[in-house]
Amino acid sequence: MKGIYVALALMFLTGSASAQAINLLKGDGLPKTMDEIVKEKEIEDAYKKKMKEIPEQKGSSDPWGSVRSSEAPKNAPAARKSKTQ
């Protein structure tokens with residue numbers, strides 16, 4: 001009796017797991033029409049055109065740049081000597 005329950009449980013678990021893996025790598029399987037190809041090319045061309053219109057950022061991207069000073073501190077602490085004996 002215990003074997004029947006185990007067999008039923010395995011059947012239900014493997015059935016739902018195999019149903020989830022259907023058609024994952026195949027895509028939709030339908031070839032693209034010429035209209036779809038032309039539309040994708042127009043979208044790609046419009047994207048490239050808009051990307052060329054965006055100006056280049058010349059400024060620094062350092063958010064702490066205004067907080068830090070550009071010169072070294074005048075009173076730099078002396079280097080610690082390690083005690084080796």
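## Nonpolar patch

A patch here is built from residues with over 30% relative accessible area and no salt bridge; like charges are joined within 9 Å, and nonpolar side chains (Val, Leu, Ile, Met, Phe, Trp, Tyr) within 5 Å. In this predicted model, local features need pLDDT of at least 70 and side-chain atom pairs count only at pLDDT 80 or more, while totals for chains, interfaces and linings use all residues. Residues are numbered from 1 along each chain as its sequence is written, and side-chain values use heavy atoms, with hydrogens and water left out.

Met 1, Ile 4, Tyr 5, Leu 8, Met 11 and Phe 12 form a nonpolar surface patch. Together they have about 720 Å² of accessible area (Shrake-Rupley method, 1.4 Å probe; for residues, only the protein chains shown count as cover). Met 11 sits in helix α1, residues 2-20.

## Fold and surface

The protein chain has 2 helices and 0 strands (DSSP runs: H or I, at least four residues; E, at least two; numbered from the N terminus). Of its 85 residues, 0% count as buried (under 20% relative accessible area; exposed is over 50%, partly exposed in between; 1.4 Å probe, protein chains only). The chain exposes about 9300 Å². Carbon and sulfur atoms supply 60% of that area.

## Salt bridges

The structure holds 3 salt bridges (a side-chain nitrogen of Lys or Arg within 4 Å of a carboxyl oxygen of Asp or Glu). One joins Lys 32 and Glu 40 at 3.1 Å, N to O. Glu 40 is partly exposed, at 41%.

Helix α2 (residues 34-53) holds both Lys 41 and Asp 45, 4 residues apart. Their side chains meet in a salt bridge at 3.5 Å, N to O. Lys 50 pairs with Glu 53, with the closest N and O atoms 3.7 Å apart. Lys 50 is exposed, at 53%.
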